[in-house]
Amino acid sequence: MSPLLQVRDLKRHYEVHIPEGLFGRKASLKAVDGVSFSIEKGRTLGLVGESGCGKSTTAKLVLGLIPATAGTVEFAGTRVTARHDAQWRAMRRRMQMIYQDPLGALDRRLPVITQIAEPFEIHNPEMPAAERTERSALLMDSVGLRPDMAMRYPHELSGGQRQRVVIARALALEPDLLVCDEPVSALDVSIQAQVLNLLDDLRERTGFAALFISHDLKVVRQMSDQVAVMYLGRIVESGLPEDVFRRPQHPYTKALVSAIPTPARRGKRERIVLEGDPPSPVDVPPGCSFHTRCPIAQASCRNQVPQLIESGGHAVACHLVNEGAAPAVQAAE
């Protein structure tokens with residue numbers, strides 16, 4: 001069975017002007033630089049990495065909100081483009097997004113019941129107003145919002161309640177794919193747990209697939225069936241959550257995992273502290289983009305870009321790990 005979402009060698013480069021010398025110079029900012037992955041129906045892929053690694057740009061490319069520089073995105077066998085035509089609108093009905101900032105995603109001038117009903121007005125305008133209201137009320141109940149909140153405005157709700165409104169609106173059209181871009185990072189820890197449990201419960205009930213983006217490895221581990229780790233626009237490691245977090249292979253993943261807090265009864269994990277800051281995506285280092293911070297980098301790391309190589313369902317892009325293995329992902333032709 002073919003995957004619901006197939007991403008092949010996806011790239012998004014921006015032309016930027018660098019204020020250097022008398023007139024400056026033009027350069028290419030490589031926000032996403034050759035990302036490939038797939039998501040099957042009912043499954044969740046967790047995409048994790050530092051801020052600025054290209055996770056949110058990947059989400060926008062998957063939904064066709066911005067055009068790709070190269071590569072392809074296929075949803076249910078149909079190529080996703082950023083033309084925003086009738087075909088794109090039909091696909092967007094089946095692909096919805098939960099944003100990081102729920103207050104920014106909502107219109108402060110409209111009551112929440114009106115905003116939850118908005119997808120029905122856009123994609124099913126012939127639906128009677130009474131039915132839209134009824135279905136919106138059912139959606140509110142499904143995400144744990146009380147009926148008396150229907151006529152409240154976003155600023156009258158807590159952060160967790162606002163995120164529940166966003167989730168209800170995203171689920172209104174019963175999408176096949178939900179893209180969650182840092183959906184709980186702006187919430188308190190106790191509210192985060194409520195929203196994550198809600199998403200997990202809704203996924204079991206409705207069967208949607210999800211691309212779950214976060215910089216929090218504990219959250220990704222809880223929510224994902226597969227995990228992909230991004231660094232400077234590329235995936236450097238992927239696999240099952242238990243494999244990636246218990247037996248990380250790439251030096252960058254090892255550093256991320258070492259920063260996860262552990263209960264005192266399990267003892268302290270040795271912390272790996274990376275030297276320096278991530279390089280600029282405008283001036284990506286040659287070879288492995290991580291070699292400038294890698295404690296075990298060798299000469300080949302500075303000259304050759306490592307391929308993402310799979311072994312036993314666990315893929316790693318590292319010369320020192322993958323000697324003699326076969327490529328896991330072939331670039332799109």
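# Burial, contacts and cysteines

Q: What makes 48% of the 333 residues of the protein count as buried?
A: They fall under the cut-off, because buried means under 20% relative accessible area, with exposed over 50% and partly exposed in between (1.4 Å probe, protein chains only). Of the 333 residues, 48% count as buried.

A quick word on the basis: this is a predicted model, where local features need pLDDT of at least 70 and side-chain atom pairs count only at pLDDT 80 or more, while totals for chains, interfaces and linings use all residues. Residues are numbered from 1 along each chain as its sequence is written, and side-chain values use heavy atoms, with hydrogens and water left out.

Q: How do you know that the radius of gyration agrees with a compact globule?
A: The radius is taken over C-alpha atoms, and the globule rule is 2.2 Å times the number of residues to the power 0.38. For 333 residues a compact globule would come out near 20 Å, and the protein has 21 Å, so the two agree. Along the principal axes, the C-alpha atoms fill a box of roughly 70 × 55 × 50 Å.

Q: Why is Cys318 called buried?
A: Its relative accessible area is 9%, so Cys318 counts as buried. Cys318 sits in the segment after strand S12 (314–316), a strand being a DSSP run of E with at least two residues, while helices are runs of H or I with at least four, both numbered from the N terminus.

Q: Which residues does Cys318 touch, not counting residues up to four places away in sequence?
A: They are His250, Pro251, Pro306 and Gln307. Contact here means heavy atoms within 4.5 Å. Gln100, on the other hand, is 31 Å from Cys318, C-alpha to C-alpha, and 218 residues apart in sequence.

Q: How do you know how many disulfides the structure holds?
A: You look for a pair of cysteine sulfur atoms within 2.5 Å, which is what a disulfide means here. The structure holds zero of them. Take Cys301: the nearest cysteine sulfur, that of Cys288, is 6.1 Å away, so Cys301 is in no disulfide. For Cys318, the nearest cysteine sulfur is that of Cys301, 6.1 Å away, so Cys318 is in no disulfide either.

Q: What makes Cys301 buried?
A: Cys301 has a relative accessible area of 6%, so Cys301 is buried.
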